[in-house]
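Me: Hi! I have a protein structure open and would like to get to know some of its residues. Can you walk me through it?

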Amino acid sequence: MPSTRDRQARHATFVVFAVQGLSFATLLTQVAHLQDKHELSTGALTVLLLIVPVFAGIGSVAAGSFAARLGSKTLLRGAQPAVALAVVLAGLAPSVATLVPALLLFGLGVGAVDAGMNMQGVAVERRYGRAVLNGFHCLWSVFSLAGALWVAGVGDGLPMEAVMAIPMVVAVAGSLYAGPKLCTAAEEKAETEAKTAARGFPWRSIVPLCLAMGFLYVGDAAVSNFSTVFMQDILSADARVIPLAYAAYQATTLLVRLGGDVAVRRYGPATVVRLGGAIATLGFLGIVAAPSQPLAIVAFGLTGMGLAVVAPQSFSAAGRLDPAGTGVAIAWVNLFNYVGFIVGSGLVGVVADLGDMRTGFVVPLVLVAAIVALARGFEPALKTRV
């Protein structure tokens, strides 16, 4: 039975995930306005935006080393307000020269927070003794959507600087509220720490989790960056229909995460990931073959339904491989979030240039199918008690 302290840590972790979703959406929904403000070409904007995933990867690896010494609670109490500050600075930046360091700070902070919040989620899951990580990721999706709706609702009525700064006041307040209630470094660790340290770190077992995370984000990058292009160029959708593909992807992601923990408890993580990989593969196959706009929208929804479970279970499995609670395994798995997104953005675009956007979506189709084979790496291998 979870203790009062366990429930307190869980509620605080919910807040951390919510703040991260809000912060991420607040910046990304303003990319077009930042491009206009600084008169950036598409090529220049693409190069600038690559700063975020590249430095997020650096931030993630650094977070693993930091958290192993001082715990993810200390990490998050510093890194999450830094992300909010970076969003505000990006909005206020008067020139590209000042925008670059803001994006650099945002990237480093996002990588550190992504790693740290999942360390906290795994610690809570370990203390509860049952799957709870999907719920945290679900709340990230909810507040990411809330950030987008905030921008859509007030975007024309306020200056961009205010649109970006106001949600960050909420973000900082949430971070300051949650910080003291998160799991401490001692609470992140399990009783098997000494035994695990003696065996050495299970790097070989981390590989399928890293690959699954990378392939997931190749698919996510393809949908995020090219779903609108696909709908417009391949299926000749009008302006009202074009966004529905991405909306279907996000909606099914959210719905599946709502019930993801229940499914994992009943069927086990490997079965859920295997089924998710199969559904996502079917979705990408549907995109490549879609003869009409409605069927394409359904196919994009299937990709969200299948991919939704992979990230939470990757972090959960990494946590089981590191019951000492060092956070190193989670930080490395999180790194492949950004590797996959960078590779997916570039590779899908290159292949599409050689053929068309249908051809481009063959890339995630092939790689996401590999998640089905990688799913056996998600089976619990270590039994831990707290």
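This is a predicted model: local features need pLDDT of at least 70, side-chain atom pairs count only at pLDDT 80 or more; totals for chains, interfaces and linings use all residues.

Me: Let's start inside. Which residues touch the most other members of the largest nonpolar core?
Reply: Those are F230, M231 and F361. The largest nonpolar core has 109 residues in total.

Me: And what does F230 touch, if I skip residues up to four places away in sequence?
Reply: F230 touches L235, I287, A296, F300, M357, R358 and F361.

Me: Nice. Where is A245, and is it buried or exposed?
Reply: A245 sits in helix α11. It counts as buried because its relative accessible area is 0%, and the cut-off for buried is under 20%.

Me: Which residues are around A245 then?
Reply: Setting aside residues up to four places away in sequence, A245 touches S227, M231, I297 and F300.

Me: What is Y246 in contact with, leaving out neighbours within four places in sequence?
Reply: Y246 is in contact with V223, S224 and S227. S227 is touched by A245 as well.

Me: Which side chain makes a polar contact with that of Y246?
Reply: The side chain of Q250 does, at 2.5 Å.

Me: Which residues does S141 contact beyond four places in sequence?
Reply: S141 is in contact with T253, L254 and R257.

Me: OK, loops now. Which loop holds E39, and what is its phi?
Reply: E39 is in the loop between α2 (31-38) and α3. Its phi is near 55°, a positive value in a residue other than glycine. E39 also counts as exposed, because its relative accessible area is 74%.

Me: How far is E39 from A245?
Reply: Their C-alpha atoms are separated by 29 Å, and the two residues are 206 residues apart along the chain.

Me: And S236, what is its phi and where does it lie?
Reply: Phi of S236 is near 55°, again a positive value in a residue other than glycine. S236 lies in the loop between α10 (203-234) and α11. It is exposed, because its relative accessible area is 58%.

Me: Last topic: which residues form the nonpolar patch on the surface?
Reply: L50, V54, I58 and I342 form it, with about 300 Å² of accessible area together.

Me: Which helix gives the largest share of that patch?
Reply: Helix α3 (residues 42-70) does, with 3 residues. L50 is found in helix α3.

Me: And why is L50 called partly exposed?
Reply: Because its relative accessible area is 38%, which falls between the cut-offs of under 20% for buried and over 50% for exposed.

Notes. Residues are numbered from 1 along each chain as its sequence is written. Side-chain values use heavy atoms; hydrogens and water are left out. Patches are made of residues with over 30% relative accessible area and no salt bridge: like charges are joined within 9 Å, nonpolar side chains (Val, Leu, Ile, Met, Phe, Trp, Tyr) within 5 Å. Accessible areas come from the Shrake-Rupley method with a 1.4 Å probe; for residues, only the protein chains shown count as cover. A salt bridge is a side-chain nitrogen of Lys or Arg within 4 Å of a carboxyl oxygen of Asp or Glu. Helices (H or I, at least four residues) and strands (E, at least two) are DSSP runs, numbered from the N terminus. Buried means under 20% relative accessible area, exposed over 50%, partly exposed in between (1.4 Å probe, protein chains only). A nonpolar core is a set of buried Ala, Val, Leu, Ile, Met, Phe, Trp, Tyr and Cys residues joined through side-chain atoms within 4.5 Å. Contact means heavy atoms within 4.5 Å. A polar contact is a pair of N or O atoms within 3.5 Å; within protein, one must be able to donate a hydrogen and the other to accept it, and residues adjacent in sequence count only if both atoms are side-chain atoms.
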